[in-house]
Structures are given as C-alpha cells and as structure tokens.
Amino acid sequence: MAAAGRAQAARDRVPRIDPYGFERPEDFDYAAYEEFFSTYLVILTRRAIKWSKLLKGGGGVQRSMTVKRYIRKGVPLEHRARVWMGVSGAQAQMDRNPGYYQRLLQGERSASLEEAIRTGSHKCRVLRKTDMSRTFPDNVRFRKDAEPCLQGPLYNVLLAYGCHNHGVGYCQGMNFIAGYLILVTKSEEEAFWLLDALVGRILPADYYSPSMLGLKTDQEVLGELVRLKLPAVAALMDGHGVLWTLVASRWFICLFVDVLPVETVLRVWDCLFSEGSKILFRVALTLLKHHQASILEATSVPDLCEKFKEITQGRFVTECHSFMQEMEAGPPGDAAHPRSLQRHSSCSMDVTCKATRVDGEPVWSRHTAGFHSALRGREIRHLLHPG
C-alpha cells in the first residue's frame, strides 16, 4: 500500500503531458521518473547557468572544444534551437539565403509531392503509418483541435524541403524528424534549415532517397561493428538469420525518434548536430552492450525481435544523462565500449564493408566505385574513434 501511495502521489505531482506536448503512456512509471528528474533538474540548472554565460552577448554559436564539451553534457531546452542552428551550419545557410523558405512555399507545387506528404505514399515503405494525421498521435500540439495545430507547420516544412531537394522529395520517417525540429525551434524556417543540415550534410547521402542506399549501408556498418565489438550478439543474429534491417532500421531512419524517450532523443541530437552521424552508431552500440545478456537469452526470431523492442524502454534509456555518460565514457579498459574501437579494428571493418552484400548483391557490382567513394567518405575507420 505504501508503494501504491507513493506511485499515486507521484502521478499527482508529475504532469500527464510532458514539456514537448506528449502524453505520458498509461504504464508510465511516475515514481521512477520523479526520482530521476529530481536529480536531473539539478544538472539542468547547473548546465543552464554555464550555457547562459557561454552565450552571453548574443551572436551565433561557433564550434570549439568548449562548445563540444558543453553539448555532450546537455543543452538546456531554452538554448537548444540556437545551439543546433549554430553548430550544424543551418544558421549560416539561412543567413545566406534570406526569404528562400518562403519562396519555396510560394512557388510551383508538385501534386505528387503533396500527395506523398499527406498519405505517406512515397516509394520508400519502411514506415507505413506515417501520414500527416498519424504523426505523433500522442502529442496534443499535433492534433487537429490544437490551437495552434502543428500539422500545418509540419506540412509546410516537408513541402518546402521536397521542393528544395528533388532527389529526396518526401520519404516516410522525415515527418517524425521535422516534427521534433518544429517542437524544439518553434519556427518553420529554422526547422527547414535544420532538416536541410541533417539530410544534406550530416547524414550519409541517399538516406531518404527512394533507394535508401545510405540507410542500407549504415545497417551493414552496424552489423560489422557488432561483429567486432559484440561477437556473441552477432553470432546469435546470424544463427537465427535475422538482418539488422529488421530490428534496427527504424532507429536510423527516424534518428531514434519514437524509439527512445523524448529527452533522450534530444540529448542524442545535441551530439548529432555537433559531431555527425557516428553518434547514431554509438547510441546503437550502447543499447546493445548494456543489454547484451538479455539479448543473448533469445531463443527464436520473435523472441529476438521482442528483446530489441525491450532495450529501447525502461529506466536505462529514460535516465538520459546517465545514458549519455555511459555512451561517452564507459568503464576504463572496456574493449567493447562504443568509444574504444581501435584503428586496426576499424580498418579491418572497412575492408569487410567493401565486401558486404546489400539485398543479396555484392556492393561492388551493384553500386559501382561511386558508392565506394561515398562509403569511404563516411570515414568508417574513425566512426567511433575518441575525439
């Protein structure tokens, strides 16, 4: 009864809707969250003071070792949009192209693009339930009766980007990313330029194209990293014939949106905008390493898929600060830690990646030397090298 009373008291104190507009699920552990947040609030307050001093005087955010260190420790919500815009280069792009976003919206419309955004009827079918009406159904700000309703701004950002980047247009999964950008920036134009930074520069080429070649490549890279650092997990996957695209494609295409808790995703994105897409691999490996013992208990394909669902839930991922600390630091001398991949192992992985197969075809025969150049451009050997 005492535990039940504490749980109810926590439920009464913790708002049912989080600061970003998401309703907490029915099985949400209010007591555990309150315990975590009481500690995290102290950290947030301390970081907010440091960030306010760093950003004092206005102006853009410039890359530096100090900024990188601060970002790894977390960016307060009130500074997040400004920091993301600065370190990603989005602010510079927006400043160089005044009025460009509005011109895109006022220009000639593509009926096929508009239909794809409204219904999710794009060629890429990794995520099927992603039309406008089903983007964040648990977020009160995206509901049609919200005032203002964010479905309109979301549609505008996706339409403008599709007109800006004809090679991508609209791909399912982009709505989740653009939605988070709007929630953080509260600005259509800034959300557009941050989406451009992600799709155009930070993520590999062809992540959101119809072929999704960049996404497929990253699944191959993840598989090789797991083979090097967590061989028992790789052996289990191979033994059951489970491809990484089955269990982890959503992690990458949504950049962990709707996979990890909101605040944890935003902490990951702090580093993503600052350090690039290698962060996605670090997050994936941190999840797999932390839950390796549980994953290895799987005895069938459905069991394995359920394990991969479970590892993105619970206290470990909710407590975002300790999650990021484990991702960045790890136990001393831990050879399996995401930051500990040595140069010789990385080079071996690079050689292996050259020979990997996508959809049953050798990379060389299917994608030509241009694809290999793109793969090397990702600097695979330095993906997880400290720094």
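**Salt bridges and their surroundings**

The salt bridges in this predicted model number 17 in total.

**Exercise 1.** Determine how Glu114 and Arg118 are paired, and classify the accessibility of each residue.

*Solution.* Step 1: the closest N and O atoms of Glu114 and Arg118 are 3.7 Å apart. A salt bridge requires a separation within 4 Å, so the pair qualifies. Step 2: both residues belong to helix H7, where they are four residues apart, about one turn of the helix. Step 3: Glu114 has a relative accessible area of 13% and is therefore buried, whereas Arg118, at 44%, is partly exposed.

**Exercise 2.** Classify the partners of the salt bridge between Arg201 and Asp196 as buried or partly exposed.

*Solution.* Step 1: the closest N and O atoms of this salt bridge lie 3.4 Å apart. Step 2: Arg201 has a relative accessible area of 40%, so Arg201 is partly exposed. Step 3: Asp196 reaches 7% and therefore counts as buried.

**Exercise 3.** Identify the residues of the positive surface patch and the helix that gives the most to this patch.

*Solution.* Step 1: the patch consists of Arg46, Lys50, Lys53, Arg69 and Lys73. Step 2: helix H2 (residues 30-54) contributes the most, with three residues. Step 3: Arg69 is placed in helix H3 (residues 65-72); its relative accessibility is 42%, so Arg69 counts as partly exposed.

**Exercise 4.** Which backbone atom does the side chain of Asn139 reach?

*Solution.* Step 1: Asn139 is located in the loop between helix H7 (111-119) and helix H8 (151-164). Step 2: the side chain of Asn139 reaches the backbone nitrogen of Arg141 at 2.8 Å. Step 3: with 0% relative accessibility, Asn139 counts as buried.

How values were computed. Residues are numbered from 1 along each chain as its sequence is written. This is a predicted model: local features need pLDDT of at least 70, side-chain atom pairs count only at pLDDT 80 or more; totals for chains, interfaces and linings use all residues. Side-chain values use heavy atoms; hydrogens and water are left out. Patches are made of residues with over 30% relative accessible area and no salt bridge: like charges are joined within 9 Å, nonpolar side chains (Val, Leu, Ile, Met, Phe, Trp, Tyr) within 5 Å. Accessible areas come from the Shrake-Rupley method with a 1.4 Å probe; for residues, only the protein chains shown count as cover. A salt bridge is a side-chain nitrogen of Lys or Arg within 4 Å of a carboxyl oxygen of Asp or Glu. Lys and Arg count as positive and Asp and Glu as negative; His and the chain ends are not counted. The place of a charge is taken as NZ of Lys, CZ of Arg, CG of Asp or CD of Glu. Helices (H or I, at least four residues) and strands (E, at least two) are DSSP runs, numbered from the N terminus. Buried means under 20% relative accessible area, exposed over 50%, partly exposed in between (1.4 Å probe, protein chains only). A polar contact is a pair of N or O atoms within 3.5 Å; within protein, one must be able to donate a hydrogen and the other to accept it, and residues adjacent in sequence count only if both atoms are side-chain atoms.
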